[in-house]
Amino acid sequence: MSTKDLHDSTVAIHGGRTLDSHASSILFPLYQTSTFVHDAVGVDKGFSYSRVSNPTVDALEKAIGALEGTPPAVCFRTGMAAIATLFLSVLKAGDHAVISDVVYGGTMRLFREVLDGLGITASFVDTSEPANIEAAITAATRIVFIETPGNPTLKLTDIEAVSRITKRHSILLAVDNTFLTPLLQKPLELGADISVLSTTKYIDGHNATVGGSVATRDENLLERLRLIRKTIGTTQAPFEAWLTLQGMKTLPVRLKLHCEGAAIIARWLEDHPAVERVYYPGLDSFPQKALAEKQQLAAGGMLAFELKAGAEATIRALNSVKLCSRAESLGGLETLITHPSSTTHADLEPELRRGLGITDRLVRLSVGLEAPEDIIADLEQAIAAAGCDGAVEGDAHEIR
Amino acid sequence: MKFASRLVSYDPAPGDRFRPISTPIYQTATFEQEHADSFGEYDYSRSGNPTRAVLEKHVALLENGTRGFCFSSGMAALSTMTKLLRSGDEILADIDLYGGTCRLFSKVLDRGGIAVRYADARDAERFERQITPGTRLIHVESPTNPMLRVIDLRRMAAMAHAHGALLSVDNSTMSPYLQNPLDLGADIVVHSATKFLGGHHDVTAGAIVVKEEALAEQIYFTQNAEGNALGPFDCFLLLRGLKTLKLRLDCQQKNALAIAQFLAIHKDIQRVYFPGLSEDPGYGLQRSQARGAGSVLSFTTGSGDISKAIAEHAKFFRITVSFGSVNSSISMPGSMSHASVPPEVMAERKMPADLVRISVGIEDEEDLMGDLDRAIHAAMPRTQVAIGS
């Protein structure tokens, strides 16, 4: 049965299923093994060593590929292992990459601390304006890597517009689709060559694993990715793969609820007198709402907001939440609240941070599956407890 | 093939097309069927699971039996064994049994009209006189827990069979590496696999091994009907733990003997119970039916308070119930593992209130002895220490 004609909610459950395992168990077995016995010297059954490949990881790769509409994806130990392996697969000394300035801080660190030393350079530009990409491309550019929606202000980049540029220059376009997953945004159908996911987030969805994946229809690139993964040993582990396979079966129903909850909370925040502004692609006030409607199938479960009160009050509010958890990561069942300027984006130069809209009053929320009313009540009491309920402290207290 | 080889040389994944070196974990509830009117080898994990099948066959072969069954705990295994009996039947059991077994025998089986008699199986003639026409099963541990008494298993088997009864032996203190009750004539071997079989205290499990197919069919029937089989992940952990059974026990026994000898001559220790000591009453019998004395031993101090203080002052010996792990443990059976023994049975058992049981792990021998020595010293009343020094 080909998964091409099926709906996403069906593919999420059946994409990784292979009925030819000898016992026909309804779930794919967990091959918690490092090695495989060979029938004869040089003759194996398609698996020889779990760093190279493993049947359970294979099943996850089929499942993610089915959702992405690609051949089986390549799965990695972490999202960063996926991104690092991708760059090491397509870039060499002297090469250059163009990257969204709102990209995850770990991706920036990868260039600064690792790839830069190998003679690989990158330009971080505001990709929400495609002309900036065009301007940054040089003869040495091999890949454009964008993240949309961007983290944490949800700034969007027009995938289709960027893909026209990368095609014209015959370079690769990779999209980090972690915030939306292939269910809510299909980068390859919009012209991208590569879709990258941190499976830690919505794909697993239970905060139980860390993992990453890279999907593409380019068979040569797939082969190259597997070669580099094998060489540097960034392969996903069997148990993590098995848990991820289980988690992703409920991805469609989870995403629906994440989106519904986020929309309710975003509207509530927007009406709250203590809130300066809300970033959520589903709100009419979102500057790129038209682009969101064009390339996204829903607004997603992530939002960010700024309080009118100062930085200290914002931190007090974050320290007053009871139901929401102060934690990094996103996309799980539990609502997570973060203060990007002091945590996820603390490594950035303050000036750059402010330029990206990451003020000290910005709060990021990964809306979980608790009842939206309960999340709202928690935020309400936290805002009140912090003393910023309607009162404006003003920017004088901004931490600089 | 020698035992060490048998522990690791088996087919970990029969029929598996990928030939993994480690058994796959079939963490699944159900199995898809090819035909709507007939079942394949597996249909539902309560009834059978490929991961469990590998473990059950492996445990059966290690115990020199034909069929093995694994359960969610040692008590689930024992409880399943008792389903071989019906209302009106009787069990004759040795007096020194694990507390949980006593609770099952005394407080659960009576509801089904099954009576249990207890007698000292070391006095075989007196024990035999307790057999009635209703006796269907004789059940013993050897060495017993916690008194480390050695029961003559060959004699028990002959006695049971002469009276048309079955002999079941709880082999948890020995493991198949040190003793194979089926070879000595027993019909059923039971294990708390939580102990030496798993060896790492990361899994709670039980096992039954039998020789006779008819018995196997009855055990399987109950396992499937009651749904108490071991889960796939726990089966995997047990398979993994079993591979080092010999390595672990070789080291644990060496440590245990050294500690037993050290305690036997320690001025503050009253008595040591360990069939590995040549002066122990069970020494000769143990040598005739087992290949070692294991690594569980008990001792008394003459004072419950001192015993308690020793347990609390020890560092490497952690206060835990259970035994057989790579970690050393220490316990006071009277108030811990055997607290559920009915008072009348307790009186008959003559278990000292100051009894300390230790399970010796794979830590360094000198560290363990030093730890016990320090704990004993710290536990002695101050006045006595002052007089001594």
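Predicted model: local features only at pLDDT ≥ 70, side-chain atom pairs only at ≥ 80, totals over all residues.

Guide: The centres of domain 1 of chain A and domain 2 of chain A, taken over C-alpha atoms, are separated by 27 Å. The domain assignment places domain 1 at 3-248 and domain 2 at 251-397 of chain A. The two domains touch. Domain 1 of chain A brings 30 residues into contact with 33 residues of domain 2 of chain A.

Which helices of chain A supply at least two residues each to the domain 1 side? They are helix H1 (8-14), helix H4 (105-115), helix H6 (159-168) and helix H7 (181-184) of chain A. Sorted by class, that side of domain 1 has 15 nonpolar, nine polar and six charged residues.

Now step back to the whole of chain A. It holds 14 helices and 12 strands. Its radius of gyration is 22 Å, close to the 21 Å that the globule rule gives for 400 residues, so chain A is as compact as a globular protein of that length. Along the principal axes, its C-alpha atoms fill a box of roughly 75 × 50 × 35 Å. Of the 400 residues in chain A, 52% are buried. Look also at how far its contacts reach along the sequence. Take the contacts in chain A between residues at least 6 apart in sequence: 73% of them join residues at least 24 apart.

Next comes the meeting of the two chains. Chain A puts 20 residues into this contact, and chain B puts in 22 residues. On the chain A side that touches chain B, 12 residues are nonpolar, seven are polar and one is charged.

Turn to chain B. It has 15 helices and 12 strands. Here the radius of gyration is 22 Å, close to the 21 Å from the globule rule for 389 residues, so chain B is as compact as a globular protein of that length. The box filled by its C-alpha atoms, along the principal axes, is roughly 85 × 50 × 35 Å. Buried residues account for 51% of the 389 residues in chain B. Among its contacts between residues at least 6 apart in sequence, 71% join residues at least 24 apart.

Chain B is also divided in two: domain 1 covers 3-242 and domain 2 covers 245-388. The C-alpha centres of these two domains of chain B lie 27 Å apart. Domain 1 of chain B gives 36 residues to their contact, and domain 2 of chain B gives 37 residues. On the domain 1 side, two or more residues come from each of helix H1 (3-8), H4, helix H6 (153-162) and helix H7 (175-178) of chain B. H4(B) gives the most to that side, with five residues. By class, the domain 1 side of chain B divides into 20 nonpolar, 10 polar and six charged residues.

Stay with H4(B). Helix H4 (residues 99-108) of chain B also meets helix H3 (residues 74-82) of chain B: their axes come within 10 Å and cross at roughly 35 degrees. The crossing of H3(B) and H4(B) is right-handed. From H3(B), the contact uses Met75(B), Leu78(B) and Ser79(B). From H4(B), it uses Gly100(B), Thr101(B) and Leu104(B). The contact of these two helices has three nonpolar, three polar and no charged residues.

Another helix of chain B is worth a look. In helix H9 (residues 232-242) of chain B, nine of the 11 residues are buried, so H9(B) is largely enclosed by the rest of the structure. Among those buried residues are Pro232(B), Asp234(B), Cys235(B), Phe236(B) and Gly241(B). What do the buried residues of H9(B) pack against? Their partners are H1, helix H2 (50-62), strand E1 (67-71) and helix H10 (245-264) of chain B.

Finish with a single residue. Asn224(B) sits in helix H8 (residues 213-226) of chain B. It is partly exposed, with 15 other C-beta atoms within 10 Å. Leaving aside neighbours within four places in sequence, Asn224(B) is in contact with Arg46(B) and Ser47(B). Arg46(B) is 178 residues away from Asn224(B) along the chain, yet their C-alpha atoms are separated by 6.1 Å.

Technical notes
Residues numbered from 1 in each chain as written. Chains lettered and ligands numbered in written order. Contact = placed C-beta atoms within 7 Å. Nonpolar A, V, L, I, M, F, W, Y, C, P; charged D, E, K, R; others polar. Axes fitted to C-alpha atoms, helices over the stretch in contact; angles between N-to-C directions. Helix = DSSP H or I, 4+ residues; strand = E, 2+ residues; numbered from the N terminus. Left-handed = near helix turned anticlockwise from the far one by under 90°. Domains from an automatic or database assignment. Rg over C-alpha atoms; globule rule 2.2 N^0.38 Å. Buried ≥ 20, exposed ≤ 12 C-beta atoms within 10 Å, placed from the backbone.
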